[in-house]
Amino acid sequence: MKKKLLSVLLASSMVLSLAACGASSETAPQSTDTQQPQSTETTASDANASTDAAPAADAGTNKGVINVCLASEPATLDPALNSAVDGATMINHLFSGLAKWGLDANGNLELQPDCAEALVDGVENEDGTVTYTYTLRDGLTWSDGQPVTANDFVFAWNRAASQALAADYGYMFEVVDGYADIWADGATGEEKLNVKAIDDKTLEVTLANQIAYWNELLAFPTYMPVREDVVANEAWATDPSTYVNNGAYTMTSWDHNSVITLTKNENFVDAANVTMNEINFYLSDDANNQLANFENGDWEFIDDVPTNEIASLKENYPTQFVTAGQLGTYYVCWNINEEILPSTSTLTGVEKAKAENEVRNALALLIDRNYIVNDIAQGGQVPASSFVAMGLTDADGSQFYENAGPDSSFTGYYDVTDAAYEANWTSALETLKKYYTFDESTQQFTDFPTLTYLYNTSEGHKAIGEAIQSTFAGVGITLNLENQEWATFLDTRKAGNYSIARNGWLGDYNDPISFLDMWTTASGNNDVQFGKGDNAKVAAYSIDLTDLGYDTKVENGTWAETYDVVIADIKKCTDANTRYALMHRAEDLLMSTGCICPIYYYTDLYMISDKVNGFFSSPLGYKYFMYCTVAE
């Protein structure tokens, strides 16, 4: 039943073209990053929250203040540098892009114009490029009163795409003409995107080719404007006194590691529709602390709950404990440069790389995903057998994940059903015996290197780590656990200073490429370190696209020569069937490395007070509080 409910929710998301919301899914494991309302039958928690007709704040029924907790201290609130969902939620309250996610008159999520007067159609040029021309709305201002201009978008987009900034999400501008020049070998730093300010109110952008999800990119935080004179101060985004933004709220205080307070921006062009006067984003990664503050009435929304309390919360808070569908995958990632063969191994080059791929994929078979889902996460999650999440569509309208993997007898890259677990275990041991010494009397390997499992502070993440630790210990593999606070964890994982780490990803829009282009060599979200460090010279990857009409056929090439090439081809392809076939090839190559070990497809668990009306969220993982009211 739980699996069926989630599928219904995700299918609903697909019909509405809801992008799985972006960035890394980095809250507790049972808490993904999207939400649906207290009724899990609709896409918004309260149809009365329509952004087209939001009621004005009423002092008689609305406190005008809401206290919420999404996660601990954000790593950054710079739209170009943020890569986490909690940070993106705050940025959506602080900034306005050309487009936004809002509710229609029936309470369904839809893309809407924001700073742009309209989301226009592009005009195809003779060379295949596509040009869009946007007119900015009247009355747009920065929080310090200066006008927002088209040139602010030009500057912000070039900054976010630049080598100088090296933003995690810089590759999101690959679709814009000129991006390739910015990142070409020998680039001088003077290269720019093909984005122009025709005048203060007219923005012209040219794409390299047609892009089906272009409007969704315009609503993504990385595409939001920043002002050149403001960001010249590198510390601008850490202090309310220097934080200049153009959205519904201003940042009035940031008590680091405690609370960030946003206050309604009365100069915001749509201020009349903003009902919540003040939002206090409390900062905590302690699920027990979050629940205590919710139960005593201090906080009206929490995005994490203690795993061992889930069963009782479902019973005791039937209208306030919410399980919602989400387009995302919780997974374990390996640092591809980590040495995992025994010290006595003589394998080198291609043979070594392929052996490591086999080992990682074998270890993935040992993990009991059904136990993790049913006994630890307990939130209706579905065991995952692919990285691209359940709910994303294929070319024919079916689900992409259903068509993944080389074996038609099961879905995905390995059989994750309960019935297959014993066979998976046996297969894994037989593979590992090829490379490690196995003691038949103890049924354990004796020379597997000690590993460390990195996770960010969370009871749920810890419990999953402990489950994997116990499983590996059963065959003689020592897996030590290490937790770090959120911002430090992100930096450690990004730098590749780990062996194995927990991870999570929600799609940035409703297209499988949002799960695949993050693994290119230059991507700032490439935590596995594909094509980096020692792996840059490893020539062990193969791809053949000749049957799809391409010249690409590489045997034992580098990651840049194979994976990067197929992703570039996907970005240029305008034939839907070919494009989706290319994306399946990309995932095949990605999963062959064993560096991505899917655990489950996300659901989102959170708690919201019955006093709150007007709240909504998206499968992107973003929460929206600006149109809420809180009854006394």
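How many salt bridges does the rule find across the interface of domain 2 and domain 3? The rule finds two, a salt bridge being a side-chain nitrogen of Lys or Arg within 4 Å of a carboxyl oxygen of Asp or Glu.

## What you're looking at

This is a predicted model, where local features need pLDDT of at least 70 and side-chain atom pairs count only at pLDDT 80 or more, while totals for chains, interfaces and linings use all residues. Residues are numbered from 1 along each chain as its sequence is written, and side-chain values use heavy atoms, with hydrogens and water left out.

The chain splits into domain 1 (59-95 + 237-320 + 609-631), domain 2 (96-225) and domain 3 (325-602); these bounds come from an automatic or database domain assignment.

## Where domains 2 and 3 meet

Taken over C-alpha atoms, the centres of domain 2 and domain 3 are 32 Å apart. Domain 2 puts 14 residues into the contact and domain 3 puts in 16 (contact means heavy atoms within 4.5 Å).

About 1300 Å² is buried between domain 2 and domain 3, with carbon and sulfur atoms giving 49% of that. Buried area here is the accessible area (1.4 Å probe) that two parts lose on being put together, summed over both. On the domain 2 side, Asp168, Tyr171 and Tyr213 lose the most area to domain 3, together 46% of what that side buries. There's also a salt bridge between the side chains of Glu174 and Lys571 (2.3 Å, N to O).

## The largest pocket

On a 1 Å grid over the protein atoms alone, a pocket is an open set of points with protein on both sides within 12 Å along at least five of seven lines, and a cavity is a set where a 1.4 Å probe fits but cannot get out; lining residues have an atom within 4 Å of a point. Points are joined across faces, edges and corners, and a volume is the space filled by probe spheres set on them.

The largest pocket comes to about 740 Å³. It has 29 lining residues, and Glu174, Tyr179, Ala180, Trp183 and Ala568 are the closest to its centre. Domain 2 and domain 3 both give residues to this lining, so the pocket lies between them.

## The largest cavity

The count comes to eight cavities of 30 Å³ or more, and the largest has a volume of about 190 Å³. Its lining has 18 residues, with Asn92, Phe95, Lys100, Asp114 and Met626 nearest the centre.
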